[in-house]
Amino acid sequence: LGDTYKHVNKWKDAVKMYKKALAIRPEYHEALNDLVHSLQHTCEWTEWEKRLKSLQTQLSRELSSGNLPLFVKPFHALVYPLRVDHMLLVAKSYAARAIRLTKSLLPGTLTTTTGLTSKKRLRVGWVSSNIGDHSLSHLMRSVFAMHGNQIEVFVFTLNGDNDPGDPKWRQQIRSSVGNSRFFDVSQMSGVQG
(Lines give C-alpha, C1' and ligand atoms only; values in the text may rest on other atoms or scores of the structure.)
Protein backbone atom coordinates (compact mmCIF):
# COMPACT_ATOMS: atom_id res chain seq x y z
CA LEU A 1 0.00 0.00 0.00
CA GLY A 2 2.93 2.32 0.69
CA ASP A 3 4.10 1.92 -2.91
CA THR A 4 0.65 2.88 -4.17
CA TYR A 5 0.68 6.07 -2.11
CA LYS A 6 4.24 6.80 -3.22
CA HIS A 7 3.33 6.48 -6.91
CA VAL A 8 0.52 9.02 -6.56
CA ASN A 9 2.78 11.41 -4.61
CA LYS A 10 0.97 10.97 -1.28
CA TRP A 11 4.24 10.80 0.62
CA LYS A 12 2.91 11.21 4.16
CA ASP A 13 0.46 8.35 3.64
CA ALA A 14 3.28 6.27 2.16
CA VAL A 15 5.40 6.96 5.27
CA LYS A 16 2.56 5.70 7.51
CA MET A 17 2.20 2.49 5.50
CA TYR A 18 5.94 1.74 5.45
CA LYS A 19 6.07 2.28 9.23
CA LYS A 20 3.17 -0.16 9.67
CA ALA A 21 4.91 -2.71 7.46
CA LEU A 22 8.09 -2.41 9.51
CA ALA A 23 6.15 -2.71 12.79
CA ILE A 24 4.74 -6.00 11.52
CA ARG A 25 8.00 -7.23 9.98
CA PRO A 26 11.11 -5.31 11.16
CA GLU A 27 13.43 -7.24 8.81
CA TYR A 28 11.47 -6.04 5.73
CA HIS A 29 14.41 -4.09 4.31
CA GLU A 30 12.63 -3.07 1.08
CA ALA A 31 10.07 -1.20 3.21
CA LEU A 32 12.91 0.43 5.14
CA ASN A 33 14.46 1.67 1.89
CA ASP A 34 11.13 3.00 0.65
CA LEU A 35 10.50 4.64 4.03
CA VAL A 36 13.87 6.43 3.86
CA HIS A 37 13.09 7.55 0.32
CA SER A 38 9.61 8.78 1.33
CA LEU A 39 10.97 10.62 4.36
CA GLN A 40 13.22 12.59 2.00
CA HIS A 41 10.12 13.80 0.18
CA THR A 42 8.36 14.84 3.40
CA CYS A 43 11.51 16.49 4.78
CA GLU A 44 11.24 14.64 8.08
CA TRP A 45 14.99 14.85 8.58
CA THR A 46 15.30 13.66 12.18
CA GLU A 47 13.52 10.40 11.46
CA TRP A 48 15.16 10.17 8.03
CA GLU A 49 18.60 10.26 9.67
CA LYS A 50 17.63 7.53 12.16
CA ARG A 51 16.18 5.27 9.46
CA LEU A 52 19.09 5.92 7.11
CA LYS A 53 21.48 4.70 9.83
CA SER A 54 19.44 1.48 10.05
CA LEU A 55 19.66 1.11 6.28
CA GLN A 56 23.42 1.68 6.33
CA THR A 57 23.81 -0.87 9.13
CA GLN A 58 21.92 -3.47 7.11
CA LEU A 59 24.02 -2.72 4.02
CA SER A 60 27.18 -3.21 6.12
CA ARG A 61 25.86 -6.60 7.30
CA GLU A 62 25.14 -7.63 3.71
CA LEU A 63 28.58 -6.45 2.58
CA SER A 64 30.38 -8.37 5.33
CA SER A 65 28.38 -11.55 4.66
CA GLY A 66 29.01 -11.41 0.90
CA ASN A 67 25.32 -11.16 0.02
CA LEU A 68 24.03 -9.10 -2.89
CA PRO A 69 21.09 -7.14 -1.45
CA LEU A 70 18.27 -5.88 -3.63
CA PHE A 71 16.45 -3.80 -1.05
CA VAL A 72 18.14 -0.48 -1.91
CA LYS A 73 17.16 0.69 -5.37
CA PRO A 74 20.04 2.07 -7.48
CA PHE A 75 18.44 5.48 -8.10
CA HIS A 76 17.71 5.81 -4.38
CA ALA A 77 21.33 4.94 -3.61
CA LEU A 78 22.48 7.86 -5.74
CA VAL A 79 20.75 10.37 -3.45
CA TYR A 80 21.61 8.69 -0.14
CA PRO A 81 24.87 9.61 1.60
CA LEU A 82 26.22 6.06 1.32
CA ARG A 83 29.79 4.87 1.51
CA VAL A 84 31.36 4.07 -1.84
CA ASP A 85 31.55 0.33 -1.04
CA HIS A 86 27.81 0.37 -0.27
CA MET A 87 27.01 2.10 -3.56
CA LEU A 88 29.15 -0.45 -5.40
CA LEU A 89 27.34 -3.28 -3.60
CA VAL A 90 23.94 -1.90 -4.69
CA ALA A 91 25.15 -1.54 -8.29
CA LYS A 92 26.61 -5.07 -8.36
CA SER A 93 23.42 -6.51 -6.86
CA TYR A 94 21.19 -5.00 -9.51
CA ALA A 95 23.63 -5.81 -12.32
CA ALA A 96 23.76 -9.47 -11.21
CA ARG A 97 19.96 -9.55 -11.02
CA ALA A 98 19.62 -8.04 -14.49
CA ILE A 99 22.04 -10.60 -15.94
CA ARG A 100 20.24 -13.45 -14.19
CA LEU A 101 16.81 -12.31 -15.40
CA THR A 102 18.02 -11.67 -18.93
CA LYS A 103 19.69 -15.05 -19.18
CA SER A 104 16.52 -16.74 -17.98
CA LEU A 105 14.56 -15.15 -20.83
CA LEU A 106 16.94 -16.11 -23.61
CA PRO A 107 16.03 -19.20 -25.63
CA GLY A 108 19.68 -20.03 -26.19
CA THR A 109 22.23 -18.68 -28.61
CA LEU A 110 20.80 -15.78 -30.55
CA THR A 111 21.59 -15.42 -34.22
CA THR A 112 20.68 -12.53 -36.46
CA THR A 113 19.59 -12.83 -40.04
CA THR A 114 20.05 -9.17 -40.87
CA GLY A 115 23.42 -7.52 -40.43
CA LEU A 116 23.88 -3.78 -40.38
CA THR A 117 25.54 -4.06 -43.78
CA SER A 118 22.31 -5.44 -45.24
CA LYS A 119 19.91 -3.23 -47.18
CA LYS A 120 17.23 -4.14 -44.62
CA ARG A 121 16.91 -1.98 -41.51
CA LEU A 122 17.33 -3.46 -38.05
CA ARG A 123 14.17 -2.83 -35.99
CA VAL A 124 14.67 -1.98 -32.30
CA GLY A 125 11.83 -1.62 -29.81
CA TRP A 126 12.31 0.20 -26.52
CA VAL A 127 9.83 -0.68 -23.76
CA SER A 128 9.63 1.44 -20.62
CA SER A 129 7.26 2.51 -17.87
CA ASN A 130 9.25 5.70 -17.43
CA ILE A 131 8.61 7.66 -20.63
CA GLY A 132 7.89 11.16 -19.38
CA ASP A 133 9.35 13.44 -16.72
CA HIS A 134 11.68 10.78 -15.31
CA SER A 135 15.46 10.46 -15.09
CA LEU A 136 15.41 7.64 -17.65
CA SER A 137 13.69 9.85 -20.22
CA HIS A 138 16.03 12.74 -19.44
CA LEU A 139 19.02 10.48 -20.15
CA MET A 140 17.58 8.57 -23.11
CA ARG A 141 15.65 11.20 -25.07
CA SER A 142 18.50 11.95 -27.46
CA VAL A 143 19.43 8.27 -27.84
CA PHE A 144 16.16 7.44 -29.59
CA ALA A 145 16.98 9.86 -32.42
CA MET A 146 20.67 8.88 -32.73
CA HIS A 147 20.30 5.35 -34.07
CA GLY A 148 20.90 6.41 -37.67
CA ASN A 149 19.29 5.29 -40.91
CA GLN A 150 20.15 1.60 -40.54
CA ILE A 151 18.05 1.15 -37.40
CA GLU A 152 14.29 1.68 -37.19
CA VAL A 153 13.28 2.67 -33.66
CA PHE A 154 9.95 1.99 -31.92
CA VAL A 155 8.99 3.12 -28.42
CA PHE A 156 6.38 1.24 -26.36
CA THR A 157 5.39 3.09 -23.23
CA LEU A 158 3.78 1.27 -20.31
CA ASN A 159 2.73 4.51 -18.62
CA GLY A 160 -0.09 6.62 -20.05
CA ASP A 161 -0.09 10.20 -21.28
CA ASN A 162 -1.66 11.38 -18.02
CA ASP A 163 1.36 10.58 -15.81
CA PRO A 164 2.29 13.43 -13.44
CA GLY A 165 5.14 15.69 -14.42
CA ASP A 166 6.06 17.88 -17.35
CA PRO A 167 4.72 16.34 -20.61
CA LYS A 168 7.44 18.00 -22.72
CA TRP A 169 9.84 15.08 -22.09
CA ARG A 170 7.39 12.54 -23.43
CA GLN A 171 6.57 14.76 -26.39
CA GLN A 172 10.27 15.17 -27.27
CA ILE A 173 10.69 11.39 -27.39
CA ARG A 174 7.49 10.99 -29.44
CA SER A 175 8.75 13.64 -31.89
CA SER A 176 12.20 12.06 -32.21
CA VAL A 177 10.83 8.62 -33.21
CA GLY A 178 7.67 9.82 -34.94
CA ASN A 179 4.03 9.34 -33.99
CA SER A 180 3.71 6.21 -36.12
CA ARG A 181 6.44 4.48 -34.08
CA PHE A 182 5.45 5.66 -30.60
CA PHE A 183 2.91 3.37 -28.91
CA ASP A 184 1.13 3.92 -25.60
CA VAL A 185 0.35 0.35 -24.52
CA SER A 186 -0.69 1.27 -20.97
CA GLN A 187 -4.31 0.31 -21.58
CA MET A 188 -3.62 -3.07 -23.17
CA SER A 189 -4.58 -6.14 -21.17
CA GLY A 190 -1.88 -8.57 -20.12
CA VAL A 191 -3.30 -11.29 -22.36
CA GLN A 192 -3.56 -10.69 -26.05
CA GLY A 193 -5.63 -12.98 -28.29
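Reply: The discussion below goes from the overall fold to single helices, loops and a pocket. The model is predicted: local features need pLDDT of at least 70, side-chain atom pairs count only at pLDDT 80 or more, and totals for chains, interfaces and linings use all residues. Residues are numbered from 1 along each chain as its sequence is written, and side-chain values use heavy atoms, with hydrogens and water left out.

Me: How many helices and strands does the protein have, and in what pattern do they follow along the sequence?

Reply: Helices (H or I, at least four residues) and strands (E, at least two) are DSSP runs, numbered from the N terminus. The protein has eight helices and three strands, and along the sequence they follow the pattern α-α-α-α-α-α-β-α-β-α-β.

Me: What share of the residues is buried, and what share of the contacts joins residues 24 or more positions apart?

Reply: Buried means under 20% relative accessible area, exposed over 50%, and partly exposed in between (1.4 Å probe, protein chains only). Of the 193 residues in the protein, 32% are buried. Contact means heavy atoms within 4.5 Å. Among contacts with a separation of 6 or more, 58% are between residues 24 or more positions apart.

Me: Which residues of H4 are buried, and which are exposed?

Reply: The general idea comes from helix geometry. An α-helix has 3.6 residues a turn, so residues three or four places apart point the same way. In H4 the buried residues are Glu47, Trp48, Arg51, Leu52, Leu55, Gln58, Leu59 and Glu62. They lie on the same side of H4, because they cover an arc of only 125° around the axis; the arc is that of the directions from the helix axis to the C-beta atoms. Thr46, Lys50 and Ser64 are exposed on the other side of H4.

Me: Which residues of H7 are buried, and what do they pack against?

Reply: Ser137, Met140 and Phe144 are buried in H7. Their arc around the axis is only 85°, which puts them on the same side of H7. The buried residues of H7 pack against strand E1 (122–128), strand E2 (151–157) and H8.

Me: Where are Asn9 and Cys43 found, and what is the phi of each?

Reply: Asn9 is in the loop between H1 and H2 and has a positive phi of about 60° although it is not a glycine. Asn9 is partly exposed, with a relative accessible area of 46%. Cys43 is in the loop between H3 and H4, and its phi is near 60°, a positive value in a residue other than glycine. At 46% relative accessibility, Cys43 counts as partly exposed.

Me: How much space lies in the largest pocket, and which residues are closest to its centre?

Reply: On a 1 Å grid over the protein atoms alone, a pocket is an open set of points where a 1.4 Å probe fits, with protein on both sides within 12 Å along at least five of seven lines; lining residues have an atom within 4 Å of a point. Grid points are joined across faces, edges and corners, and a volume is the space filled by probe spheres set on the points. The largest pocket holds about 1,200 Å³ of space. Of the 40 residues that line the largest pocket, Lys6, His7, His37, Asn130 and His134 are the closest to its centre.

Me: Where is His134 found?

Reply: His134 is in the loop between E1 and H7 and is partly exposed, with a relative accessible area of 27%.
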